[in-house]
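Colleague: Could you walk me through reading helix packing and burial in a model? I'd like the general idea, then the case at hand.

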Amino acid sequence: MSDSDDDEQGGYVPFGEREEWSDVVPVPQDEGPNPVCSIAYSDQFRDTMDYFRAVLRRDERSERVLQLTADVIELNPANYTAWHFRRVVLEAIGADLRRELDYVASVGRKTPKNYQIWFHRRALVEKLNDFSAEFDFAAELLRDDSKNYHTWAHRQWVIQRFDAWDGELAFVDQLLRQDLRNNSAWNQRWFVVTRSNTVELSADVRRREAQYALDFIKKAPNNQSPWAYLKGLFGGKKFDDYPDIMQTLQEMRGSYVTCAHVVSLLVEVNAQRATAASLAAAIQDCDALASSLDVMHKKYWTYRAG
């Protein structure tokens with residue numbers, strides 16, 4: 001069955017047969033006199049794009065063009081020209097932007113990793129100066145894919161743009177309790193705690209967050225995410241200034257004898273101390289990591305030992 005047969009069965013009516021489009025001359029795609037490899041577009045796709053090119057050429061901004069952009073987006077949700085011109089038309093005709101939020105949400109549910117829907121939604125939120133629907137929408141999509149980069153990036157933009165930090169740690173905590181290996185949620189926690197790396201952590205916050213990470217580590221010692229989070233908390237700071245944290249790490253070393261993460265973190269601690277004894281201990285741990293605990297990164301640990 002051909003694509004044109006599919007179009008007919010779907011009830012598609014070509015634009016040339018629609019009375020409301022009788023005043024528009026379609027503009028075919030110009031592939032040059034000798035196209036090397038023509039794409040086998042469906043009749044519906046070719047027809048829709050021919051009329052879209054026509055309204056672009058005449059810069060028409062109307063209700064029918066708004067619907068036409070929706071037709072183009074339905075056929076190719078990543079068509080950034082259609083999304084851009086849709087915003088132009090929305091502005092020109094004074095369209096209901098809250099209704100447009102519903103529209104972009106419906107497209108987003110079908111193609112949540114489409115760059116264009118997130119840019120479009122951001123533009124609408126900016127224009128409305130209202131983010132009241134954004135956290136619920138993002139949470140809805142994260143339930144389907146908790147590691148969708150686009151959703152997290154949008155959520156971060158909303159938080160920063162509207163200074164809406166309150167409640168985000170609780171949201172992240174909920175996700176981590178559902179899946180402690182959700183590295184995207186760990187990243188979001190870091191984003192919130194450090195205000196996107198713009199604030200210096202106090203000793204109390206560092207201790208609180210370290211204990212939070214350690215609690216999750218005890219549940220799954222070989223989960224890399226909380227270890228990376230813990231290490232990041234002490235960037236440029238001395239672990240020895242937090243003896244309670246150091247005691248826990250030493251206890252974990254004895255309990256999780258094959259855990260590469262605790263050993264690699266103690267390498268950093270001993271290197272930080274920079275005494276003859278601590279450096280010798282760090283070299284010994286590097287050898288253990290290279291030979292058995294973390295063979296995949298053998299060359300790295302051999303380099304560190306040197």
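Modeller: Gladly. Angles between N-to-C directions run from 0 to 180 degrees, with axes fitted to C-alpha atoms over the stretch in contact; under 35 degrees counts as roughly parallel, over 145 as roughly antiparallel, 65 to 115 as roughly perpendicular and the rest as oblique. Helix H9 (residues 168-178) and helix H10 (residues 183-193) pack at about 160°, with axes 9 Å apart, so H9 and H10 are roughly antiparallel. Helices here are DSSP runs (H or I, at least four residues), numbered from the N terminus. This is a predicted model, where local features need pLDDT of at least 70, side-chain atom pairs count only at 80 or more, and totals for chains, interfaces and linings use all residues. Residues are numbered from 1 along each chain as its sequence is written, and side-chain values use heavy atoms, without hydrogens or water.

Colleague: Which residues in H9 and H10 meet?

Modeller: Contact means heavy atoms within 4.5 Å. From H9 come Glu 168, Leu 169, Val 172, Asp 173, Leu 175 and Leu 176, meeting Ala 185, Trp 186, Gln 188, Arg 189, Val 192 and Val 193 of H10.

Colleague: And is H14 mostly covered or uncovered?

Modeller: Buried means under 20% relative accessible area, exposed over 50%, partly exposed in between (1.4 Å probe, protein chains only). Mostly covered: ten of the 14 residues in H14 are buried, including His 261, Ser 264 and Asn 270. Helices H12, H13, H15 and H16 are among what covers them.

Methods
Helix = DSSP H or I, 4+ residues; strand = E, 2+ residues; numbered from the N terminus.
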